[in-house]
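User: I have a model open and would like to talk through it. Can we go over it piece by piece?

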Amino acid sequence: MQLFWAFVIGGAICVVGQLLMDLTNYKVTPAHILVGFVTAGAVISAFGLYQPLVDLAGAGATVPLSGFGHLLAQGAINGVKQNGLLGAFGGGISAAAVGITAAVVFGYLSALAFRPKG
Amino acid sequence: MPLEKQKQQYNDMVNRIKPKPPVLRNVFWAFITGGLISLIGQLILSFYRSQGLNINDAGAATSATLVFLAAFLTGLGIYDEITRRAGAGSIVPITGFANSMVAPAMEYRAEGLVFGVGARLFTVAGPVLVFGMVAAWVAGILYYFFR
């Protein structure tokens, strides 16, 4: 059942991005989409509304980049719970550290190992 | 004719003439691709959970795995082929984030390891991290003062 909801919710979140790209008159680039989703995910998460989606859809909510925003926001909030004000500075990145380091390391190695086509 | 009005007329004309995206087809492929990538993520997540990782660690390991796959497929030129059809379906997932790092870094490799690969990795990831960190920081600060 979780697989079904992962597919549906993950697909639906991407549809929101597609509609933003196709139906708005501004030139919405992939960069705008990614920035918008991270920010929106963090804001929705701060109001406590993203976690229910994660409970329902698992990776369907965490794989889209709004899940990255959720991870950052919850990290900062949990950081405040544990370390007070300092946690607001360290908590977000700490929670997302594995993903960020993986992206930088694998991205760097991949860019060195491959040549662009054409 | 005032300049403002000319501009307005020009923009109207551009909007009338420029090709309309096939919205329904784009939405369909965005849904299918985004759903499939999430489904694969869920399978990887379940695998790590079955290996005894707790939910946070399993989530982090899943992200790292997906990022690895996306960086590899971008290197082979396959990921950009997928994006041509899937649009937001392969941009919005974390794999699209990895793709947005690798693609420009590969492209500008000739500019060297520092300003080529090193800097271009963050063409899109930089803004994403800036907005994500500021939003998360604000969330933490608000929580500190109001909870």
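User: What radius of gyration does chain B have, against that of a compact globule of 147 residues?

Analyst: This is a predicted model. In it, chain B has a radius of gyration of 21 Å, whereas a compact globule of 147 residues would be near 15 Å. The C-alpha trace of chain B spans about 70 × 45 × 40 Å along its principal axes.

User: How many helices and strands in chain B?

Analyst: Chain B has 8 helices and 0 strands. Its pattern along the sequence is α-α-α-α-α-α-α-α.

User: And what share of chain B counts as buried?

Analyst: Of its 147 residues, 46% are buried. As for contacts in chain B between residues at least 6 apart in sequence, 57% join residues at least 24 apart.

User: How do H2(B) and H4(B) pack, at what angle?

Analyst: Helix H2 (residues 23-50) and helix H4 (residues 78-86) of chain B pack at about 135°, and their axes are 8 Å apart. Angles over 145 degrees would count as roughly antiparallel, so H2(B) and H4(B) are oblique to each other.

User: Which residues make that contact?

Analyst: H2(B) brings B:Trp29, B:Ala30 and B:Thr33, and H4(B) brings B:Ile82, B:Arg85 and B:Ala86. By class, the residues of this contact are 4 nonpolar, 1 polar and 1 charged.

User: Switching to the interface. How many residues does each chain put into the contact?

Analyst: Chain A puts in 68 residues and chain B 65 residues. On the side of chain A that touches chain B, helices H1 (2-23), H2 (30-46), H4 (59-62), H5 (65-83) and H6 (85-113) each supply at least two residues.

User: Which helix gives the most to that side of chain A?

Analyst: H6(A), with 19 residues. The side of chain A that touches chain B has 46 nonpolar, 20 polar and 2 charged residues.

User: Now H2(A). Why is it described as largely enclosed?

Analyst: Because 12 of the 17 residues of H2(A) are buried. Among them are A:Pro30, A:Ile33, A:Leu34, A:Phe37 and A:Ala46.

User: What covers the buried residues of H2(A)?

Analyst: Both chains take part: the cover includes H1 and H5 of chain A, along with helix H5 (88-91), helix H6 (94-107) and helix H8 (122-146) of chain B.

User: How far does H2(A) reach, and what follows it?

Analyst: From first C-alpha to last, H2(A) reaches 24 Å, close to the 24 Å expected at 1.5 Å a residue. A:Gly48 follows H2(A), with a positive phi near 80°.

How values were computed. Residues are numbered from 1 along each chain as its sequence is written. Chains are lettered from A and ligands numbered from 1 in the order in which they are written. This is a predicted model: local features need pLDDT of at least 70, side-chain atom pairs count only at pLDDT 80 or more; totals for chains, interfaces and linings use all residues. Two residues are in contact if their C-beta atoms, placed from the backbone, lie within 7 Å. Helices (H or I, at least four residues) and strands (E, at least two) are DSSP runs, numbered from the N terminus. Ala, Val, Leu, Ile, Met, Phe, Trp, Tyr, Cys and Pro count as nonpolar, Asp, Glu, Lys and Arg as charged, and the others, Gly among them, as polar. Axes are lines fitted to C-alpha atoms, for helices over the stretch in contact, and angles run from 0 to 180 degrees between N-to-C directions. Angles under 35 degrees count as roughly parallel, over 145 as roughly antiparallel, 65 to 115 as roughly perpendicular and the rest as oblique. The expected span of a helix is 1.5 Å times one less than its number of residues. A residue is buried if 20 or more other C-beta atoms lie within 10 Å of its own, exposed if 12 or fewer, and partly exposed in between; C-beta atoms are placed from the backbone. The radius of gyration is taken over C-alpha atoms; the globule rule is 2.2 Å times the number of residues to the power 0.38.
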